[in-house]
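Come and look along with me.

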Protein chains: 2
Amino acid sequence: MRIPGPYLLFLGDTPHRLDAKTASGILDWRPELCAGQCRLGAGTVDLGLPDMTPAAAVAAGVRTLVIGVATFGGAIDDAWVGTLLAAIHAGLDIASGMHARLGEHPAIAAAAREAGVRLFDVRHADTRFDVASGRKRSGLRLLTVGVDCAVGKKYAALAIHRALARRGVAADFRATGQTGILIAGGGVAIDAVVSDFAAGAAETLSPDNAPGHWDVIEGQGSLFHPAYAGVSLALLHGSQPDALVLCHDVRRTHIDGYPDYPLPTLAACIAANEQAARLTNRAARCVAIALNTHGMGEVERADALARTREETGLVVFDPIATGADAVAETLLAGTCGLPQASPHTLGDIA
Amino acid sequence: MRIPGPYLLFLGDTPHRLDAKTASGILDWRPELCAGQCRLGAGTVDLGLPDMTPAAAVAAGVRTLVIGVATFGGAIDDAWVGTLLAAIHAGLDIASGMHARLGEHPAIAAAAREAGVRLFDVRHADTRFDVASGRKRSGLRLLTVGVDCAVGKKYAALAIHRALARRGVAADFRATGQTGILIAGGGVAIDAVVSDFAAGAAETLSPDNAPGHWDVIEGQGSLFHPAYAGVSLALLHGSQPDALVLCHDVRRTHIDGYPDYPLPTLAACIAANEQAARLTNRAARCVAIALNTHGMGEVERADALARTREETGLVVFDPIATGADAVAETLLAGTCGLPQASPHTLGDIA
């Protein structure tokens, strides 16, 4: 699956920027892909892109309308259908990360067939995957793992990928969730894979690669999440990471939406993830902590970063506020816990 | 879903008894359901049932051909199709626990429609499940967990259920795999559930129950399996077991089919399962070890049981050779690691 750019970001009529986080994410990490925004009302959130109708977007060279807004329950809003049909008639492909499939919406599916455009339901994994083989693959891998869901695993991976790429290191960002897939233009929605094949799907996501190449893989869930830990473990085993980066939001006190589940300590999270990861890669080590400090003042942020550095002895960064240069330097130096004694896992980089 | 008996057990042409474990399992626990076996070659494993063609089976009163043999990856073997079509033409329903759906095989689906027979794809969970809530449920639960796949988790659960039922304890066997479902006549094929919902599916399998009621849940995979650990973890979290029974085959030296993956120690397995289980039930304890001693002489078996008892300090049994009376007594006495100090998890039994 390859979603053609540039994109027209569809924002519906939501006034809330949080509802448009898929669109914001694409704009933050692939601004060159984002030609315009499409909004249904004056009160709709504004990402600062040129407003375009589908027809104008086609004239400007846009190839795909991306639904960049989430709805409660993940359904396709009836108010959107007219605009989506107009986009299809204008010749745009449509990409969506929602639970509801575009391809199962009768009017949208029929119009797409008639117009010969494609519908990308990126949350759904229609590929068939094999059972994981457990075979160690060549190349280097980093996986972001979480203390909880929604703590910044995708942004941490994107920031690390950007920091490596800026240093001329061969690296790929590997997406495992809908927004990540729209940003990368491809990937596997790992939580949508039948559980027997989830680790196998994770294996296909980062195939054999050159010795010095880094796959930077977007994590999902948390080993301490009562609903999603199985997804996290399958992704961890299939990814065979050499390096783990643990992502955290210091203001979180319990698993989001599960008030009876207190957050584990960073030490417990690191230990559990390293222990599990070593089943498929004995060299796996946690090399850094990504802190989500969104909304903090400068002093509060510096304090949070310093305290976490002291607590863990690891590189600590915020993917947005500080960037991931320190992580890239650590990976390239082969220091800070990375297995210098195992040259086959560090390849030509060390 | 109710699969009509008696069954004709279809064994394909496999010479390996392990590949025929679905058929063996049904025969061991529901012999009254098994009228005959259907084998494609002289070298095929022999379960000791009368050999029957589909037509002869119909004449003998058989209602359903059950595919009792597994293939790696779960595909329908081309060599089977002729016999399956003959069974359909003879009027038999077909039940399968494979990943590949009978209903999606064009020739089989068309023949079944034409003949008016039913196709039961028991591995597939066509129900929609919710995301796990993590809410603690009433009643008592035991989950069998494994050092590896195919070490006797289903047999251990069936034997424990039988031992509890014989003591007049309210108990249900809860099936999570295709053979278990064919034996129990219901359940959830947990490894066929989309991974996001696997823990949620496990929650529905053992709903709230009376304080003294035991759900004895069939485990899947192993936390140390490079392909299936995510399934095992989701089942562990959703089951919220009070008691764990670890299943092992002392002759196994590595993960079956994965020669690069040595078997973990029993101590490591117990620790990893207890640690993970305590996320959703802080009282979870391993109370017994089920040893698969199939094919051992009496002295060798007694020695294996004694050595494992000494190694772990737990009740050790073989589901077939010794039965699970000792486990039932342990559960009812509330001894041997079960959380006597937590009356809400032991209910009225302790």
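**Where two helices cross**

I began with a pair of helices, one from each chain, and found that α8(A) passes α8(B) in a right-handed crossing. I kept in mind that this is a predicted model.

Next I looked up the geometry of the pair. Helix α8 covers residues 229-239 in chain A and residues 229-239 in chain B, and the two axes come within 7 Å, crossing at roughly 160°. An angle over 145 degrees counts as roughly antiparallel, so α8(A) is roughly antiparallel to α8(B).

Which residues make the contact of α8(A) and α8(B)? From α8(A) I noted A:Ala229, A:Gly230, A:Val231, A:Leu233, A:Ala234 and A:His237. From α8(B) I noted B:Ala229, B:Gly230, B:Val231, B:Leu233, B:Ala234 and B:His237. Sorted by class, this contact holds 8 nonpolar and 4 polar residues, with no charged ones.

**The wider interface**

I then stepped back to the chains themselves. Here 28 residues of chain B are in contact with 28 residues of chain A. On the chain B side, the elements that give two or more residues are α7 (198-205) and α8.

Do the copies use matching or differing surfaces? I found that 96% of the interface residues of chain B are also interface residues in chain A, so the copies meet through the same surface.

**How the copies are related**

**A sheet in chain B**

My last stop was an open sheet of 6 strands in chain B, with parallel pairing and the order β7-β8-β6-β9-β10-β11. β7 (171-174) and β11 (315-317) of chain B stand at the edges with a single partner strand each, so one side of each has no neighbour in the sheet. On average, neighbouring strands of this sheet are turned by 20° against each other, direction ignored.

Strand β10 (residues 285-291) of chain B runs parallel to β11(B) and is joined to it by 3 bridges. B:Ala290 has B:Phe317 in β11(B) as its bridge partner. Across β10 and β11 of chain B lies helix α10 (residues 298-312), running at about 160° to β10(B).

Notes: Residues numbered from 1 in each chain as written. Chains lettered and ligands numbered in written order. Predicted model: local features only at pLDDT ≥ 70, side-chain atom pairs only at ≥ 80, totals over all residues. Axes fitted to C-alpha atoms, helices over the stretch in contact; angles between N-to-C directions. Helix = DSSP H or I, 4+ residues; strand = E, 2+ residues; numbered from the N terminus. Parallel < 35°, antiparallel > 145°, perpendicular 65-115°, else oblique. Left-handed = near helix turned anticlockwise from the far one by under 90°. Contact = placed C-beta atoms within 7 Å. Nonpolar A, V, L, I, M, F, W, Y, C, P; charged D, E, K, R; others polar. Pairing = 2+ DSSP bridges.
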